[in-house]
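I opened the notebook again today. Here is what I looked up, entry by entry.

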Amino acid sequence: ILEDASFRPVNHQPSQTTMKTLLKRFWVSCLVAACLAAPSVRAEIAEWLPLDPDMPMNANPAKNMGHPNLVTMPSLVGADKLYAAWVENGGPSNALQVRVAVYQDATPAWKQIDSRVNNISRSPGLGINFDTTATAYTPRLVVHGGDLYATWYEYVQAKGGRLIGKIRVCRYNGTDENPNWTFVDGNTSGGLNFNSTQDAIMPNAVSFGGRLVVFWSEAVSSTRTVSGTQLRARAYTIGTGWTWLDGGTAAGLNIDPKLGAYSGCPVVVNVQGQPSKLYVSFRQLSSTGVAQLRVKVYQGGYLWKVVDGGLGLNLDLTKGAAGQNAGGDGNAIYCAWTEYNAAGVRQLRMARYNGFNDNAPVWERLDSGYPMQGLNYNPAVDVYSVGVQSFNGKIYLHWNEGTLRVAVWDKNLTAPNQWGWADGGAARSNAHRYENSTTNLACLGVYRDHLLVFHNESVPSSLDPRYPTVGLGHVLVGIEAPTP
């Protein structure tokens, strides 16, 4: 099934699975998908098998982990490298630490590369936090200029006990045998924040135009409210430092600075015959207080242009957009978000835009277009934690719907056959390591021509008594169904 003999997932449940059992599970999953899924839904990935060895990703399996993230570092010579980041309890007072590891094919095993920061060794149990007493969230890895960078935010306590999020960015030295991380965000307690006294959260980063561009949302007052949050953007150049791409004023990138904006997701699109373009999707409140999914394109300096039709991408402008994410295949931006229907249930929505004409943008809706039902497996169940990944010319979408769901969209097919399941298509997804675990947060990635999912599973001790914790990290590799 895998042509590259040096890259093989580890076939493990608490008891070893035989090839006969694997084949049986494959045919059963296909049968279940055919019986339970809609007639237009195809099965794309037949099986998800563990990439990592017989233990979780956690630096300490007795500690909780969460907020998983993956990135592949391309190599001009030798093999590409796979890196993973997450947060894990372990600092003073059990504060969440940013942990980072690299995958080693030959072992196979994950090697921690987070023991040294600013050329100072860290004690066991600590990650790369700027402040190891502070709790860190949402680490994101990005490759820029041949280097690996990490960004996240960590909460520090201000006067009066108020917690303030600080945006952190650091660069890895690329030496897995002697790892070191160096902060490039000013290396001060203020972090990258526009205002170091205000709460900043949820950074995202992308490499564009020879610069590392970081987006985040930041409050404008000590009493954080959704209506008082600005979307910020800043670009880093080695040797030059940081430049504001949002004008460097209190207004940020908000379409209306009086209305809150948050959760910026950047995507680079290559349009034939045009320079590469940087887009960012985000949520912003309308004048009636309803969150809309908005999109802007960068036009140089600190100028941005709205490319979402002027009102946003919501199917119903009276229903709020909740969690969102965006991705690209190099030729288009794909926006995925959740939107409440009339019953108050979060439906999964998706649309794409090819960037061809930013003066008259045309978005193609990829969900059902029905007010009461989006891409949910079950429209009566809320959707959370949405993610987008391009792989082999297709777009993969993952989300949490009581179980980890993975679906695939193929632009080369005609509707309604463009969507297929990549998780077995049954009521219980097969994108899990343990049969009866609960998956919370996840992300997709690509490594050596294979699709990966990195997630944290809540595993009852009855499933695997070796690890009595509620958040175990695992990376699974998708095994594609044989071509008929």
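Before reading any surface, I noted that accessible areas come from the Shrake-Rupley method with a 1.4 Å probe, and that for residues only the protein chains shown count as cover. On that basis I found that the chain exposes about 19900 Å², with carbon and sulfur atoms supplying 54% of it.

A reminder to myself: this is a predicted model, where local features need pLDDT of at least 70 and side-chain atom pairs count only at pLDDT 80 or more, while totals for chains, interfaces and linings use all residues. Residues are numbered from 1 along each chain as its sequence is written, and side-chain values use heavy atoms, with hydrogens and water left out.

**Overall make-up.** I listed one helix and 31 strands, taking them as DSSP runs numbered from the N terminus (helices H or I, at least four residues; strands E, at least two). Of the 484 residues, 54% are buried (under 20% relative accessible area with a 1.4 Å probe, protein chains only; exposed is over 50%, partly exposed in between).

**Core.** I then went to the largest nonpolar core, which has 21 residues. Such a core is a set of buried Ala, Val, Leu, Ile, Met, Phe, Trp, Tyr and Cys residues joined through side-chain atoms within 4.5 Å. Tyr83, Ile128, Leu148, Trp152 and Trp181 have the most contacts inside it. Strand 5 (96–104) is one of the strands that each supply at least two residues, and the largest share, four residues, comes from strand 5.

I traced an open, antiparallel sheet in the order 2-31-30-29; two strands pair if DSSP finds at least two bridges between them. Strand 2 (45–50) and strand 29 (438–447) are the edges, each pairing on one side only. Eight bridges join strand 29 to strand 30 (residues 450–458), and valine 446 has leucine 451 as its bridge partner there.

**Serine 390.** I found this residue in strand 25 (residues 384–391). Beyond its neighbours within four places in sequence, serine 390 contacts Gly328, Asp329, Ile395 and Val446 (contact means heavy atoms within 4.5 Å).

**Threonine 403.** Is threonine 403 buried or exposed? I have it as buried, because its relative accessibility is 5%. Threonine 403 lies in the loop between strand 26 (394–400) and strand 27 (404–409). A polar contact of 2.8 Å joins its side chain to that of histidine 432 (a pair of N or O atoms within 3.5 Å; within protein, one must be able to donate a hydrogen and the other to accept it, and residues adjacent in sequence count only if both atoms are side-chain atoms). The side chain of threonine 403 also reaches the backbone nitrogen of serine 429 at 3.5 Å.
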